[in-house]
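Here's a quick briefing to read alongside the model. Have the sequence and the 3D view open, and follow along.

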Amino acid sequence: MHASPPSFRPASPWWCALHLPQLALDAEARHRRALQAFDDESPWALTDGPQQRRVHAANVTARAQGVHAGQAVASAQLLCPGLALGAHQPVRDAALREWLAGYAYGFSAEVSLREPDTVLFEAGRSLGLFGPWPRWQQRLRDELAGCGVQVRIACAPTPLAARGLARAHDGLAVADATQLQRLLARLPLGLAGLPDDALRLLERSGFKRLGDVLALPRAALAKRIGPAVLDRLDRLVGRAPDPLPLYEPPTRYAARLDFDHPLADATVLVFPLRRLLQEFALFLVQRDGGVPGFRLVFGHEDGVAPTRLEVRLAAPERDAARLFELARLKLDSARLPVPAVSLGLEADELPGFHPGHRDLFEARTREGDAGLLDSRLRARLGDAAVQALAVVDTHRPEAAWCWVDTPRTRLPALAEGPRPLWLIDPPIVLREAVADVIAGPERIETAWWDEEPVRRDYYRLRTRGGQEAWAFRPVGGEAGPWWLHGWFA
Amino acid sequence: MPAALVSLDALIHQRRLWPAAGQAAGRPGEPTGHADLDAALPGGGWPPASLLELLLPMDGVGELRLLLPTLVRLARQGRSLLMVAPPYLPYAPALAAAGLDLARLRVVRAEGRDALWAAEQGLRSGACGVVLCWPQAVDDRALRRLSVAAEQGDALGFAFRPLRALQQPSPAALRMEVMPGGLVRLHKCRGGAAPATPVAWGATPSVALRAVH
């Protein structure tokens, strides 16, 4: 009917599986690397089971010496005397899965964490944006490798097929149903994602490939494996719909690293800080969002309340290097009451990111620079130390201004007498001798309902030294001293 | 030591030799907003991208009014203004009445090394047109850092210092004494000889500060 399509056009939906072949190892290594230099070349393994007597997962070096998952720790240590051991921490696996889902959400609104060892996302609808697929796939591999996450990637018209193919053959992209049937028929049964008992039953009956099972009469198959497993097979091959529970991105960000030993020194704390911010920045890039600020939470030993440092940015920012610079300034200027046992990073607001105008020759606009300067100053000196000024509509001079965090451009509305550029607040008695009166009096009187009503006569005076003073006497206090309220600097 | 071998620093200090600054040399000056002062300055204005020293016999002799036209103009051009550790409260109603866009101004309250750090950051950032600072007990090295930062960030760095600081040499591109009665005296200015007599910059204060409608 028609010629072959000019470009790769996959089925819709088209699912991408990011399979994590060594989730527990990656999660642990990422955690350790965040705290200090981590040696992945030496043999190490994670343990689980009663009293941590069983190997949960072993790294490449350990596996090369015969250590494998499910082995007794005692046998593993005999095979590999230098084996380093650590208890498997499922929370770290969960955190890595969650993080990977957030990453995938940057590419697709349909992301699922239903499968324990795989993150699934719908890639077909975003292919126009991030494709072509070979380039997109390379990007996924590069970025995830940079974060220390090993993935096997495959795409297929059904989520379960994508997962199965990723486990069988890294890099496979199956465009349509016909091709899928052919490949699935050859899929080793063990990779089809069937429940363990159903798998054992079928293997005992001599079935090796998925095609052998699919060739069976449906009624006979249902009798053998039960309707639930049959349904899973139907969803795998696309004979039945497979609605996935979808991942909802968090509205706030929170990540935490626990240290093995309490850390006090800022020069050591920068390592976990850098790791936390790198992940945070990648998360922000994926979400296409910048943050107006974030919080560093230093956990302490029992009984001591955590130390919280707010890092506020003048303009939403998502660049890892900038976030790190500001956080580091904050860290350097802070003093922890006691050493920290954990470091957390939290962000409550994750608004949309609007890329600033970036000229080819001017890396950042002056606006951007001003925002960055504000952030940098505030990070080291504190928010209160870096402020703008605003005019307040009142007649009482000392109340006619205020500090503001974020200033607004406003046209001056007040039409009053000359005002000094330096204010002295509260006013002090003028010590300098008065040479002459340049201007005045100007009566400044506030309404009776003003909080602190004033009634003063202001003068502009020249001191004998040549300074110009803004000074007043309370009405009725003409015999008293001059009160110096400012300098006409 | 042979008489011909005189140290460069000494010559510079005696104002017999003027060091030409890097990129900024040769560029016309930044207009001060005061015609008589512009005429007296070698480049026709403030030496651009430089550290400039204003030396005061005391506070309140017109030192901010002298700079107001420069501040207002650069703020209108979208440059930020930074005041680091001012000795008094900058009074917002007076600044606004002079036409200064307060949204462009940041005031940093800090002391000692923090204040110097903030001034240097502001100068270097490229965002600030002007940084005003009041360095306390500052040494030559710190002033040199500010001077380099001003050049890198293409900013005017005004350092307000007591008059007695004139006795120390300074890397500033301009050293100007602010005198009562709307006068300034140039003690040093990059790119030319400083006029020996005071220059009237024409401060008619009541006009300059009258509120605008």
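Let's start in a loop: Gln52(A) sits between E2 and E3 of chain A, where helices (H or I, at least four residues) and strands (E, at least two) are DSSP runs numbered from the N terminus. Keep in mind that this is a predicted model, so local features need pLDDT of at least 70 and side-chain atom pairs count only at pLDDT 80 or more, while totals for chains, interfaces and linings use all residues. Residues are numbered from 1 along each chain as its sequence is written, and chains are lettered from A and ligands numbered from 1 in the order in which they are written.

**The loop with positive phi**
- Gln52(A) has phi near 55°, a positive value in a residue other than glycine.
- Gln51(A) also lies in this loop, between strand E2 (44-48) and strand E3 (54-58) of chain A, and its phi is near 55° too, again positive without being a glycine.
- Buried, exposed or partly exposed: which is Gln52(A)? It's partly exposed, because 15 other C-beta atoms lie within 10 Å; the cut-offs are 20 or more for buried, 12 or fewer for exposed and partly exposed in between, with C-beta atoms placed from the backbone.
- Gln51(A) counts as exposed because it has 7 C-beta neighbours inside 10 Å.

**Cis peptide bonds in chain A**
- Asp425(A) and Pro426(A) are joined by a cis peptide bond with omega about 0°, and Pro426(A) belongs to strand E14 (residues 422-429) of chain A.
- The bond from Gly440(A) to Pro441(A) is cis as well, omega being near 0°; Pro441(A) is in strand E15 (residues 434-445) of chain A.

**Where chain B meets chain A**
- On the chain B side, 46 residues are in contact with 43 residues of chain A (contact means C-beta atoms, placed from the backbone, within 7 Å).
- Elements that each supply at least two residues to the side of chain B touching chain A include helix H3 (63-76), strand E3 (89-90), helix H4 (92-97) and strand E4 (105-108) of chain B.
- H4(B) gives the largest share of that side, six residues.
- By type, the side of chain B that touches chain A has 26 nonpolar, eleven polar and nine charged residues (nonpolar: Ala, Val, Leu, Ile, Met, Phe, Trp, Tyr, Cys and Pro; charged: Asp, Glu, Lys and Arg; polar: the others, Gly among them).

**Strand pairing across the chains**
- Strand E12 (residues 386-391) of chain A and E4(B) run antiparallel, joined by two bridges (strands pair if DSSP finds at least two bridges between them).
- Val386(A) has Val108(B) as its bridge partner in E4(B).

Definitions and conventions: Contact = placed C-beta atoms within 7 Å.
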